[in-house]
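Please look at the sequence and the structure shown below, and keep both in view while reading the report that follows.

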Amino acid sequence: MFLTPAPARLGAAAVSLAVLTSLALGACSAPGPVAAAAKESSTPQPANEKNCGRQLHFDTPPQRIISLWPAVTEMLIALGAKDRVVGQAFTDQSPPLAEYAEAYKSIPVLATNSVSRETLLNSRPELIVADGEYHFNGTELPTIEELNKLGVQVYIISSFCNGQTTTGHVADAATDLAALGRITGTEGTAKTLIDAQTTELDKVAKKTAGAEPVPLALIQFYDNALYADARGIYSDVVERAGGNNIYENDLPAGQYYAQIAVEDLAKKNPGTIVYLYNSEEDKAAQLASIREKLPTVDAVKNNRLYPLPSTDFIGSRAVDGVRELSTLLHP
């Protein structure tokens, strides 16, 4: 039986009670930044992009960008726009991949969790790139409409546009890279990155072709409560990796996460559990909670407990999530 749903993605909840965000593992690294950036146009063209039902327009590439999630920061670094990222937030939600670590450290940190309205506006951004619309609630931060009136445009990672969270796919990463490439004037680099991601996904598809999908539960403990993540990009990562999310059809209508009873998961008795975390400390705590609260579940008894970092379900990192999870499910 499902308990009262949490407010929204579990990851941000660790630092903001206003919103909860679902998080996810990390092990091997993904394809690194493009070794030699593709040649870009010397005269960038105006960009018009539709994002989350809103129209964005840039006469010239924005020179002051703020990132509100680690995976977003990595995408901007990979595109070659690092020197234009004047601030980042939520930096404690997931460590960057090793190949981005140095560049990541050079970007100013506005806040290790949620950024204040004053700090955000004092950074004078032209563009804010975020993992979801939940940031812009009009309380902690201005609404997107209010920011637009101040001359600040907002791009949301496609899989987490309001109303699309249960239909997002890993392929949305290519959509976002292409759009951000046009906005930042780095279309050539964006194409190179998209091609590399397509190659990675094709490799996994060939590897898992014909393999029996592994039934699994994708879960996370937060504040001593158990949550399941499914649908949208969460289930798409699982399916592409050769798995089958057992909560795909069990969550309340329109939700991609839900608080569930420990007894419900125990009754389903999955043979594999994938648990999401946002730091090494959190990873250890998640594992301890699973072993303590679910000792009779086959996944626990057979030690088929696999961690994935939270950010592996956001933007380009979803490709990493597919690759890493496929390695765990189909070694």
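In helix 2, the buried residues are P70, A71, V72, T73, E74, M75, L76, I77 and A78, where buried means under 20% relative accessible area, exposed means over 50%, and partly exposed covers the values in between (1.4 Å probe, protein chains only). Helix 2 spans residues 70-78, and since nine of its nine residues are buried, it is largely enclosed by the rest of the structure. The helix is followed by G80, whose phi is positive, near 90°. Helices (H or I, at least four residues) and strands (E, at least two) are DSSP runs, numbered from the N terminus.

This is a predicted model, in which local features need pLDDT of at least 70 and side-chain atom pairs count only at pLDDT 80 or more, while totals for chains, interfaces and linings use all residues. Residues are numbered from 1 along each chain as its sequence is written, and side-chain values use heavy atoms, with hydrogens and water left out.

## Strands around the helix

Strand 3 (residues 65-67) pairs with strand 4 in the parallel sense over three bridges, where two strands count as paired if DSSP finds at least two bridges between them. Within this pairing, I66 has G87 of strand 4 as its bridge partner. Together, strand 3, helix 2 and strand 4 make a right-handed β-α-β unit; a crossover is called right-handed if, with the strands pointing away from the viewer, the path from the first strand over the helix to the second runs clockwise.

Strand 4 (residues 85-89) is mostly covered, with five of its five residues buried. Strand 4 also pairs with strand 5 (residues 109-111), again in the parallel sense, over two bridges, and here the bridge partner of Q88 is V109 in strand 5. The loop between strand 4 and helix 3 (101-105) holds E99, which is partly exposed, with a relative accessible area of 27%. Although E99 and A78 are 21 residues apart along the chain, their C-alpha atoms are separated by 9.8 Å.

## The disulfide

The structure holds one disulfide, a term used for a pair of cysteine sulfur atoms within 2.5 Å. In general, a disulfide is a covalent bond between the sulfur atoms of two cysteines. Here the partners are C52 and C161, with their sulfur atoms 1.8 Å apart, and the link is left-handed, with -75° about the S-S bond. C52 lies in the loop between strand 1 (47-51) and strand 2 (54-58), whereas C161 lies in the loop between strand 7 (153-156) and helix 6 (172-184), so the pair ties together parts that are 109 residues apart in sequence. Both C52 and C161 are buried.

## Aromatic rings

The structure holds six aromatic pairs. Rings of Phe, Tyr and Trp (its six-membered ring) pair if their centres lie within 6.5 Å, and planes under 30 degrees apart count as stacked, over 60 as edge-to-face and the rest as tilted. The rings of Y256 and Y257 have their centres 5.2 Å apart and their planes at 75°, so this pair is edge-to-face, and both residues are buried. Ring pairs also link F160, Y234, Y256, Y257 and F313 into a cluster.

A charged residue is placed over another ring: K268 lies over the face of Y247, at 5.0 Å from the ring centre. A charge sits over a ring if NZ of Lys or CZ of Arg is within 6 Å of the ring centre and within 35 degrees of the ring normal.

## Positive phi in two loops

Most residues other than glycine have a negative phi. R124, however, is not a glycine and has a positive phi of about 50°; R124 is found in the loop between helix 4 (117-122) and strand 6 (127-130) and is exposed, with a relative accessible area of 54%. N224 likewise has a positive phi, of about 70°, although it is not a glycine. The loop that holds N224 runs between strand 8 (214-222) and strand 9 (225-229), and N224 is exposed, with a relative accessible area of 61%.

## The chain as a whole

The chain has twelve helices and 13 strands, and 56% of its 331 residues count as buried. The chain exposes about 13500 Å², of which carbon and sulfur atoms supply 51%; accessible areas come from the Shrake-Rupley method with a 1.4 Å probe, and for residues, only the protein chains shown count as cover.
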